[in-house]
Structures are given as C-alpha cells and as structure tokens.
Protein chains: 2
Amino acid sequence: MKNLFIATALFLCEFAFAQQALWGGQQIVSPEIHENNTVTFRFLAPKAVKVQLTGDFLPARASVDLKEGKDGLWEYTTPEPLAPELYSYAFIVDGLKSIDPNNIYLNRDVASLTNIFIIRGGRGDLYSVNKVAHGSLTRRWYDSPTLGLTRRITIYTPPGYEKSSQKYPVFYLLHGMGGDEEAWVTLGRTVQILDNLIAEGKAKPMIVVMTNGNAVQEAAPGESSLGLYKPSMQLPKTMEGSMETSFPDVVKFIDSNYRTLANKANRAIAGLSMGGFHALHISKQYPDWFDYVGLFSAAILPDEGVSSGIYDDIDGKLKIQFAKKPRLYWIGIGKTDFLYQPNVDFRKKLDDKGYPYTYYESEEGHIWKNWRIYLTEFVPVLFK
Amino acid sequence: MKNLFIATALFLCEFAFAQQALWGGQQIVSPEIHENNTVTFRFLAPKAVKVQLTGDFLPARASVDLKEGKDGLWEYTTPEPLAPELYSYAFIVDGLKSIDPNNIYLNRDVASLTNIFIIRGGRGDLYSVNKVAHGSLTRRWYDSPTLGLTRRITIYTPPGYEKSSQKYPVFYLLHGMGGDEEAWVTLGRTVQILDNLIAEGKAKPMIVVMTNGNAVQEAAPGESSLGLYKPSMQLPKTMEGSMETSFPDVVKFIDSNYRTLANKANRAIAGLSMGGFHALHISKQYPDWFDYVGLFSAAILPDEGVSSGIYDDIDGKLKIQFAKKPRLYWIGIGKTDFLYQPNVDFRKKLDDKGYPYTYYESEEGHIWKNWRIYLTEFVPVLFK
C-alpha cells in the first residue's frame, strides 16, 4: 500500500494546491520595490482603454497613467525613489477603482479597501515586523453596563508580559469616525510600532488598549452580530457624551483583568480626530486618571445641539485638570488638516491660561500617515 | 470661541470622512441576500464586454454571465435560494478575476483573495458572530528551539477563561499546505464555531491552538520579518518530519503558559490535508499525548525520498498508539476529494488491524466548506 501512496504523491500534492486555492493568482509582481526605492506597479488588463494609479505618494493624491505594454500588461514606475513610509494605492481601470490583484496586503478604511506596501528604512522600519521580541495582540470582549452592550476590544501586551509578575502602565488609544477597534492595528501599525520602539529601548513596555469608540457598536464591521454588512459613515456620531460617560467601564475592565499600574502616573490616553475629541473630554472629565494626554488631529468641535454634562463647563474642567499638572499634554496636527484652525484656537486657549502642552506640527492633513507619525512621537515620551 | 467650533462642526465632520477614507466607495449593494435566500450580485463596469461570476455555490465552480443593465451595472441573481453556508465568490471581468469592490469581506488562500458572504440558518449560524458569550483570540509568539525560530501562534481561549481558575482541555488544530496560523481563523471560522458550539452547550469549553505548520516560516505572510511579500505555494513542503519533531515545543509552550489539563484525556489534535498528515504522525509518534485525533481530508502521502525517523515503522507505531486506546480516531473526507483513495487504503489498514475509528464522509472534495463542516462535527465529541 505504501507504494500506492508514493506513486501518486507528487502529482497529487500539486493538484491539491490548485483545488485548495480555488482560483489561481496571476504570476505578476506588483508592486515591485527596486533597490533604489523606485517602485513599479503592474496591472494586467488587455481590454482596458485606460489604467491609472492613485496613491498617497502622489502629489495631492492625483492619478498617473500606466503605459500598456506586451500582452495587455500595464506598467508605471515612480520617477523618483519613494521615502521610507507605509503607502496606500489603488488602480483606476477605465474610471473604476480596482485593487491590485497581485498584492494581498490591504487596509480597510470604512468601506474602502486599498493596497499597501512599505518602503524600508526610517519610519518604514518602525512599521515593519522585525526580528525583535514580539508582544501579544488579543481580541476579546468586555461588558459595558453603561452602554448596555458586550463589546469587542483589542489589547496589546508587551513582550514578556505573560511570563513576568510585573505591573505595566496602560495607554488607551482611540480611533476616529469611521474607525473601530481594528483601526489602530491595521491602518495604524500599532503592534509593529510598539514592538520596535520597545526593542530599541525607546519606549517603556506598556499595555495598549484599543477600544471601539462608536457607542452603538458591539464590534467592528463583520465582527458583531450584525453580520457581514456593508459599513458606512452613517453611524450616529459618538460626540454626544456616551463614549466619555462609558469609558470607566473600559478602565475598570482593564485594571481588573491585567497587571496594571492603576494610577495617573501610569495611564495615557490619546486619539485621532473624533478620538482626539474623546481623549480631550475623557481626560478633563476624570482629571485624576491620566498623566499623559495626546490629541492627534483632534476634532475639537463640540456640537451646541448636544446636551451632555460631559461638555458643560469646559473651561472650568480644564482648569481643574491643569491644576493637577498632567505630565504631558501633547497636541499634533498637520499643516493642511481641515481641523487646523480649531486646534490653533484651542492652543490659544491653553496659552492664555498658561497651561503647558507640547506641540507637534507635521506636513499634510487628516491622514493615517500623520497618525502613525504622531504615535511614534508620542509613545517614546510616555511613563518616563 | 465655542461659536466658531459649532459653526463649522457639521460641514467639517462630513469633510473629515471624505479625507479620512482617501477614496470613496461605490453606492452599490453586492451581494444582496434576499429574504428567500436567493442572492443578487452586482458589478459596475460600463466599459466591460463580459462580466462573469464564479463561486463555490455554482456547480463544479463554473462561471455564469452577469447581464448588463442601466449605466453599466451588471447583475446576476441566483435562480434558486442558496442553502445556509459560508460562500466564496469573485467576478471575472473580460477574462480577469476581480474582487467585488462593494464587499469588504475577503478570505485569503495563499495569494488569492475571494469575497465571502454567509447565508444564515443551519451551519450559516454556526459560522456567524451571534449574541453569545465570546472567547478571546490571541496572536502571540513562542520559541521553537527545535526549529531555531521564534514563531507566531494563534490561540483561542473560551469565554470565561481569564476570570476562572479552572484548567481547560486543549485542541491543536493544524492547517494544510498553503495555510498558516491564520487559516483556521479566517477560512475556517474557528472562533465563531467554538463560541457558538460552546454557547449551545454542544462543545466543552476548550483552548484551541492554531500553529504554523510550515517549518521554515516564522509567521504568516506579512506577519514575519520577510515583509509584505507575495506568498506562493513554493514553500518547502513540511512533510519531512520537522513539524512532528518540533511539535513538543508547541505543547510545552501551551502547557507552561495556559491553565491546561495537561494529559492525554484532555488533548486533541486534528488537521486538514497536510495538517491531517501531521496529526496522524504526531499522534502516533507521541502515543501518550492525544486521546482525540482528527484527520480532515488527510494527505496520507508519505514520500519515500524523505528520511525521517518520524515516518519509520508506521505500522508498529500505530499498533502502539491503538493499544493505548485513544478515545476517538476520527477520519473525514469528501467523496470527490483527490485524497479519497489513500484514505480508503488507510481505513482498510485500520480495519484489517481492528483499530476502531469514526468515519465521516461528505459530499464534494478538498475544500474549506468541508473542513468547516468537519470541525463542527469533531468539536462536539471532544473531552466527553
């Protein structure tokens, strides 16, 4: 019988692949990152009239035309090397967006998928998996009695957490509108950034807690009892107090399920856009909880139509918060962010009162590239 | 200043969405699952000559033509309702495979992405997230001194694990060629199946350990220090003894990091295809370790060219294994699987020796639909 097995083995193993993969892929390399960091993109479309490329490495997210070559293989090579960074792109084929079928690496932002690639070096290395000690990433569920929901939450624990008896500081990292408890892990590369900064000795080992800031959601799209629905921006905006009011449920869950240093000196909170708004209001609402606060392109846009105790007497609460001398109040924003002016105004308010803060101004606007940069700037100064 | 904030809030929030999502999506619903479980697929392609649909709900994975309607919107509705199941599909646009840009839910198999959807009811409910108690899923890294690598591993812990002091049985669940430590979670819906079976009282709470069975890999594509490379089937086949030889590293890691019932009566091992081959050989190599063994479409194909002690004296080792009376030796395969005959031969060997086993024969062949089914059949009989 053994002979029967052997006789058929090689042929069958090859066949197994075909059957298992269901549909074969194309034998095309795209994107191809050359030694000098120029990049070639390829798209097979023999019947297309026009194939274009759009990506966040192009000025103002313009599109460029690919050139049709042999057998309908369209191609474009960047004229200049790209700087180290994580980039997003998609093709536009006869006017319709298409992902690159030769690149399995995608990020989702709301209902939009785009391909990604990384140019190594500099921050590109921080966003990559390297041969360093790795933390663990857990998706689990916690009870929020305040919201009346059991909710999904994403938690990074640093290398060595499971085997030590040490207690760790905790960094609460909040997403923006359209995001969820997956956003900082996928678009934000939080695991890679933390692993790498800790390995380089630039960040203290810490627990990072990524919540879902949409008060009506159990979990990210596809991860809740709503099934595999098409996400949209139509969620009720959680800028009406419920995120801030329910946040103690999260802190309580973390402090009772992890070995935390459960005090102000060892808690940080930061968020992007809507999450920056949340970080602002949560930190002032609970002025004894967070010694480190980060506002990343914060949507400092309270809505007068909202009646929540959370947004009452902002000035009075800020006064209390700053009287308690948080060790770091960090504001980062890009020069072309549409939220630039509200952040200027907010900084003026802090300046007028003499409240100290650290300010980081980047190029460009309201984009994940900036939020990854802010994360790499913010994390190294925590808990020191 | 508050007025400035308020005046601009609504307009800016809308703008934020556009900027954050980088590229907008289409306003098309696809797939649309109707009340009677027929399904409509839609694809916008005004310039296409032919748009087809391929999917595992079509006979023998044929393709069907979509019909072009108004403004280049192509459409196809299944003539009959689909049975409850998780289905995969893709479009073929003028001969080229394209994912559905209106469906963000994708599974990767090697280098191939396909869209998925679920028809609820029956097994479709088992594969869905429901309002039940949820376990936790952790991606972490362990040392394999035998392979000389630090490697990624995926671990499911059942609801209540973190808050109990109870010890749990452990189920080691292995993937096939082309798979990795992500395969059973994504293609296999393991988390949903375990959560749901445990909630229904049909499965005992257990830890499920999903390893990477490719001995040369640190981790799944994109999750290792190799970067965002294009995966292929060109990995050296791990059917040369290294997986089996290094498996004690995994068991040791699990038993020293989790509250396990570290004995034969509380350990199960199963795998699909190459993983079934691994489960067969690991369970006979360590006959005191596993009381439950599952071979799912097992690649019972030892290669005569391979010299490893693992594959020596198979009959003698099976004799020892069965003398120790494992509580369950489970074999599942599909009627059209290309590995059907080797499994017939293997069962004949067991029959001839009088070794007891449970046999489950399904329709169809070497496909994930079957492996999910086998999982739902196997898990309820474990540790009882």
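In chain B, helix α5(B) passes helix α6(B) in a right-handed crossing; a crossing is right-handed if the near helix is turned clockwise from the far one by less than a right angle, and left-handed if anticlockwise. The helices span residues 242-257 and 274-285 of chain B, and their axes come within 9 Å and cross at roughly 60°. Such axes are lines fitted to C-alpha atoms over the stretch in contact, with angles running from 0 to 180 degrees between N-to-C directions. On the α5(B) side the contact involves B:M243, B:E244 and B:F247, and on the α6(B) side B:H278, B:H281, B:I282 and B:Q285. Here, residues are in contact if their C-beta atoms, placed from the backbone, lie within 7 Å. The residues of this contact divide into 3 nonpolar, 3 polar and 1 charged (Ala, Val, Leu, Ile, Met, Phe, Trp, Tyr, Cys and Pro are nonpolar; Asp, Glu, Lys and Arg are charged; the others, Gly among them, are polar).

The model is predicted, with local features needing pLDDT of at least 70 and side-chain atom pairs counting only at pLDDT 80 or more, while totals for chains, interfaces and linings use all residues. Residues are numbered from 1 along each chain as its sequence is written, with chains lettered from A and ligands numbered from 1 in the order in which they are written. Helices (H or I, at least four residues) and strands (E, at least two) are DSSP runs numbered from the N terminus, and two strands pair if DSSP finds at least two bridges between them.

Turning to the sheets, chain B holds an open sheet of 4 strands in the order β1-β2-β6-β5, with antiparallel pairing. Its edges are β1 (32-33) and β5 (67-68) of chain B, each of which has a single partner strand, so one side of each is left without a neighbour in the sheet. β5(B) pairs with β6 (residues 73-77) of chain B over 2 bridges, and B:E68 has B:W74 in β6(B) as its bridge partner.

Chain A likewise has 4 strands in an open antiparallel sheet ordered β1-β2-β6-β5. β1(A) and β2 (residues 39-44) of chain A are joined over 2 bridges, with A:E32 bridging to A:T40 in β2(A). Elsewhere in chain A, β9 (residues 106-109) and β10 (residues 112-119) pair in the antiparallel sense over 4 bridges. A:D109 stands opposite A:S112 in β10(A), and in this hairpin, with 2 residues between the strands, A:V110 takes a positive phi near 55°.

Two serines of chain A round out the picture. A:S136 belongs to strand β11 (residues 136-144) of chain A and counts as partly exposed because it has 18 C-beta neighbours inside 10 Å; 20 or more would be buried and 12 or fewer exposed, with partly exposed in between. Apart from residues up to four places away in sequence, A:S136 touches A:T157, A:Y161 and A:E162, along with B:T138, B:R139 and B:R140. A:S242 lies in helix α5 (residues 242-257) of chain A and, with 19 such neighbours, is partly exposed. Beyond its neighbours within four places in sequence, A:S242 is in contact with A:L147 and A:A215.

Conventions: Contact = placed C-beta atoms within 7 Å.
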